[in-house]
Amino acid sequence: KNSLSSFSSERERKKCKTLFKIKHIKHNTMSDEDIIQLTTSDEKPFSLKRNVAKMSTTIKNMLDDMEGMGTELAIPLPNVTGDILAKVVEYCEYHTANPPPPPKPEDKKKQPHETAKDILPWDAEFVKVENVVLFRLILASNYLDIKPLLDLTCKTVANMIVGKTPDQIREMLGIENDLTPEDEDEIRRENEWTEERTK
């Protein structure tokens, strides 16, 4: 009788322990609708849905590492300022609600310079910003690993420099000319396709 009672008590303890684990997991597992907190390099706080934040592979990996820790802890983003993160969040929220159409089979065969003009209307309006903001968006999307935003901003810069002379490009990008005439000739030969697109 004592051994049977002991067996029953042990079984009940295991059952309670299992139920506790299940409840604990359910309580701490975050859903895509949960609100997460971000903080920027200039200490600006941001709150957004988990599924929006997951457009950033960098943030997604951080969230995976923080699984079970709750949503109160803010994720620090030391390489992004508040004004730029506001633009990034605007982009991510729009494209989470409005996913872009899948690429057509023929688009996969195109060279990068052939797809540079393939920009959605909303995206085209989104990148109508000052050059300094555009370049900071490139840095932010690279750091946050948001490939669609990085592709968009890089395409925009590529379209901006098509047909421009090296001097015009340097002036636009704020780059000091430290190239020799031989270097400039080599670059010009390597980028002859940009001149052909403008004809």
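A: Begin with one side chain. That of threonine 40 reaches the backbone nitrogen of lysine 44 at 3.0 Å. Such a polar contact is a pair of N or O atoms within 3.5 Å; within protein, one must be able to donate a hydrogen and the other to accept it, and residues adjacent in sequence count only if both atoms are side-chain atoms. A second one, of 2.5 Å, joins the side chains of threonine 40 and aspartate 42.

Q: What are the ground rules for these values?

A: This is a predicted model: local features need pLDDT of at least 70, side-chain atom pairs count only at pLDDT 80 or more, and totals for chains, interfaces and linings use all residues. Residues are numbered from 1 along each chain as its sequence is written, and side-chain values use heavy atoms, with hydrogens and water left out.

Q: Is threonine 40 buried or exposed?

A: Buried means under 20% relative accessible area, exposed over 50%, and partly exposed in between (1.4 Å probe, protein chains only). Threonine 40 has 6% relative accessibility, so it counts as buried. Across the chain of 199 residues, 26% count as buried.

Q: Which residues does threonine 40 touch?

A: Contact means heavy atoms within 4.5 Å. Beyond residues up to four places away in sequence, threonine 40 touches Phe46, Leu77, Val80, Thr81, Gly82 and Leu85. The C-alpha atoms of threonine 40 and threonine 81 are separated by 5.3 Å, although the two are 41 residues apart along the chain.

Q: How many helices and strands does the chain have?

A: Helices (H or I, at least four residues) and strands (E, at least two) are DSSP runs, numbered from the N terminus. The chain has 10 helices and 3 strands. Threonine 40 belongs to strand 1.

Q: What is the strand order in the sheet?

A: Strands of a sheet pair through backbone hydrogen bonds, either parallel or antiparallel. Two strands pair if DSSP finds at least two bridges between them. Here the order is 2-1-3, in an open sheet of 3 strands with mixed pairing. Strand 2 and strand 3 are the edges, each pairing on one side only. Strand 1 and strand 3 pair in the parallel sense over 3 bridges. Threonine 39 stands opposite proline 76 in strand 3.

Q: Which strands does helix 3 touch?

A: Helix 3 packs on the sheet, touching strand 1 and strand 3. Its direction makes about 150 degrees with that of strand 3. Axes are lines fitted to C-alpha atoms, for helices over the stretch in contact, and angles run from 0 to 180 degrees between N-to-C directions.

Q: At what angle do helix 6 and helix 7 pack?

A: Two packed helices are described by the angle between their axes and the distance between the axes. Helix 6 and helix 7 pack at about 145 degrees, with axes 8 Å apart. Residues of helix 6 in this packing include Leu134 and Ile138; those of helix 7 include Leu150 and Val157.

Q: Which residues of the largest nonpolar core touch the most other members?

A: A nonpolar core is a set of buried Ala, Val, Leu, Ile, Met, Phe, Trp, Tyr and Cys residues joined through side-chain atoms within 4.5 Å. Of the 32 residues in the largest one, Leu38, Ile59, Leu77, Leu85, Val88 and Leu144 touch the most other members.
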